[in-house]
Amino acid sequence: MNLHTETSGNGSREICFIHGFSQTGKSWTTAAQAIGDSTNTFIDAPNHGDSQNVSLSLHETGDEIADIAFGKVLVGYSMGARMALHAAIQHPYAMTGLVLISGTPGIEDDSERAARVKADEELASHIESIGTAAFIQEWIRQPLFAKSKFSEEEIQDRCRNTATSLAASLRTCGTGQQDSLWSLLPEINIPVLLICGVRDEKFSEIAKRMNQLIPHSTLRVLDKAGHNAHLDQPEAFAQAVNWWLQS
């Protein structure tokens, strides 16, 4: 096992968390605590946090995550949701359940995917030129995160990631590097909870379509939340997860 993990709690429900781009496993602390009665494993994704020395493709990441999350419910956000989806498709019976927050099965059109690869490369070069601290300030001010609040503690945690590691993440695990998994969604047989924020129109539409294609899936749209849904509304997120786990 190459990816860094940390575990907390001693509850009866085993849950594994994988974060979004430029975050670390520590970003889950508040949301995970609100779930309750859980033993939580937090993964630092490749090229992030204490896994900055590990660079893996999305397929390799899926294998690693499935190994770490074996027998657990796997929760992924944004980039982490894409990684979690790979884990679930590559290892159908490894996890007992899957929670995907603001995730996508990838870009279907080849030309659009090629354009995204180019855009990810340009962003990677930009990060390398301006450094992590300046990039994080740009990143959190995107329209994607409008009305979201970022604490100084979270910003500092993101700044643990080096410009080199974040650039490497885009080049190996960016959305452009992801094969389209849309056609494989009907093959997912474990229970799936899809979560999105009502303000995040793009990913809300993606979640609705995924909900139609994944057989045992449930969709929850959180009010007063955007792309960062679980951090915008951690209590509502926890309530949705608790309800789903109990059902």
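Which helices each supply at least two residues of the lining of the largest pocket? They are α3, α4 (110-130), α7 (163-173) and α8 (201-213).

The model is predicted, so local features need pLDDT of at least 70 and side-chain atom pairs count only at pLDDT 80 or more, while totals for chains, interfaces and linings use all residues. Residues are numbered from 1 along each chain as its sequence is written, and side-chain values use heavy atoms, with hydrogens and water left out.

**View 1. Lining of the largest pocket.** A pocket is an open set of points on a 1 Å grid over the protein atoms alone, with protein on both sides within 12 Å along at least five of seven lines; lining residues have an atom within 4 Å of a point. The space amounts to about 720 Å³, a volume being that filled by probe spheres set on the points, which are joined across faces, edges and corners. Of the 34 lining residues, Ser78, Arg116, Thr175, Lys202 and Phe203 lie nearest the centre. Helix α4 gives the largest share, five residues. Helices are DSSP runs of H or I with at least four residues, and strands are runs of E with at least two, numbered from the N terminus. The lining has 14 nonpolar, twelve polar and eight charged residues; Ala, Val, Leu, Ile, Met, Phe, Trp, Tyr, Cys and Pro count as nonpolar, Asp, Glu, Lys and Arg as charged, and the others, Gly among them, as polar.

**View 2. Lining of the second largest pocket.** Its volume is about 390 Å³. Ser27, Thr30, Ser151, Glu154 and Leu231 lie nearest the centre, among 16 lining residues. Two or more of these residues come from each of α1 (29-35), α6 (152-158) and α9 (229-232), and α6 has the largest share, three. By class, nine are charged, five polar and two nonpolar.

**View 3. The largest cavity.** A cavity is a set of grid points where a 1.4 Å probe fits but cannot get out. About 50 Å³ of space lies here. Strands β5 (97-101) and β6 (192-197) and helix α8 each supply at least two lining residues. The lining includes Ile101, Ile195 and Phe203, and has eight nonpolar, two polar and no charged residues.

**View 4. Surroundings of Phe237.** Leaving aside neighbours within four places in sequence, Phe237 is in contact (heavy atoms within 4.5 Å) with Trp28, Ala31, Ile35, Val75, Ile101, Ile195, Leu222 and His230.
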